[in-house]
Amino acid sequence: TGSYEIATTNDLYAGGISYNIILFDGFSRQNEYKISDIAHNNSMLKIKLAKEELIYNVKSLYVALLSLNEQLTSQRMNTESQTNLYKKVLQEYKLGSKSKLDILKSKNSYQESKSNEDKIQANIEILNSTLSMLIGGEEFSNISDIEIDMDKENIKQSSINELSRFKLAQEKNKISMKKIAKAKSFYYPVVDFKAYYGY
């Protein structure tokens with residue numbers, strides 16, 4: 001019972017249950033959820049845009065291939081006519097009505113036409129390979145003519161809101177705005193409710 005003795009308690013413990021809920025956090029969590037939703041929409045738009053670009057590229061290459069096939073047919077006809085002209089000039093040279101310069105000009109035209117034909121053929125093979133790659137590695141060699149209807153009355157102008165790139169930009173802008181709102185939420189006080197019951 002002296003002054004050096006300190007009053008103590010033996011085997012002190014407390015048991016109970018605690019419950020804590022945030023009532024207000026400056027809309028931080030709400031903005032976080034909205035950012036997640038917009039990011040999901042953003043991903044879906046990117047997938048859609050990739051598909052649209054693939055379809056557009058395949059269509060463009062196919063139309064270019066059709067055009068090159070038409071050019072090749074015309075160029076072959078031109079090469080054939082240049083060959084016939086060259087043969088006639090050779091015959092006329094032998095008869096004495098054409099000069100050697102005429103033979104060189106005719107031969108040059110024939111070789112130039114043949115060279116253009118080879119270039120077009122090479123471009124067709126390149127486009128075939130590119131199309132094969134775009135459609136998943138399947139061999140692409142057969143093409144058939146298609147009709148392209150350019151009737152202005154049947155062409156519908158799509159609204160800019162329907163374009164995937166524009167929608168993608170809009171979604172990115174929404175994400176930026178929500179991130180700004182989330183950053184501003186840190187200026188607000190956090191209000192929470194805590195309850196405890198125990199013994």
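Trainee: Where is the place of L61?

Mentor: In helix 1. Bear in mind that the model is a predicted one.

Trainee: Why does L61 count as buried?

Mentor: Its relative accessibility is 17%. Buried means under 20%, so L61 counts as buried.

Trainee: Which residues is L61 in contact with, leaving aside its neighbours within four places in sequence?

Mentor: L127, T130, L131 and L134. L127 is 66 residues from L61 in sequence, while their C-alpha atoms are 6.7 Å apart in space.

Trainee: Which residues make up the largest nonpolar core?

Mentor: Eight residues in all: L61, L65, L68, L72, I120, I124, L127 and L131. The elements giving two or more residues to this core are helix 1 and helix 2, the latter spanning 100-134.

Trainee: What makes Y86 and Y110 an aromatic pair, and why is the pair called stacked?

Mentor: A pair of aromatic rings is described by the distance of the centres and the angle of the planes. For Y86 and Y110 the centres are 6.3 Å apart, and the limit for pairing is 6.5 Å, so the rings pair. The planes are 10° apart, and under 30 degrees counts as stacked, so this pair is stacked. The structure holds one aromatic pair.

Trainee: Why does the pair tie together parts that are apart in sequence?

Mentor: Because Y86 lies in helix 1 and Y110 in helix 2, the pair links parts 24 residues apart in sequence.

Trainee: What makes the pairing of the T79 and E117 side chains a polar contact?

Mentor: The distance between the two side chains is 2.9 Å. The limit for a pair of N or O atoms is 3.5 Å, so the pair falls within it. Not counting residues up to four places away in sequence, T79 touches Y110, S113, K114 and E117.

Trainee: How many helices and strands does the protein have, and how do they run?

Mentor: Three helices and two strands, in the order β-α-α-α-β from the N terminus on. Of its 199 residues, 18% count as buried.

How values were computed: Residues numbered from 1 in each chain as written. Predicted model: local features only at pLDDT ≥ 70, side-chain atom pairs only at ≥ 80, totals over all residues. Heavy atoms only, no water. Polar contact = N/O pair within 3.5 Å; in protein donor to acceptor, adjacent residues only side chain to side chain. Contact = heavy atoms within 4.5 Å. Core = buried A, V, L, I, M, F, W, Y, C linked by side-chain atoms within 4.5 Å. Buried < 20%, exposed > 50% of the residue type's maximum accessible area, 1.4 Å probe, protein only. Helix = DSSP H or I, 4+ residues; strand = E, 2+ residues; numbered from the N terminus. Phe/Tyr/Trp six-rings, centres within 6.5 Å; stacked < 30°, edge-to-face > 60°.
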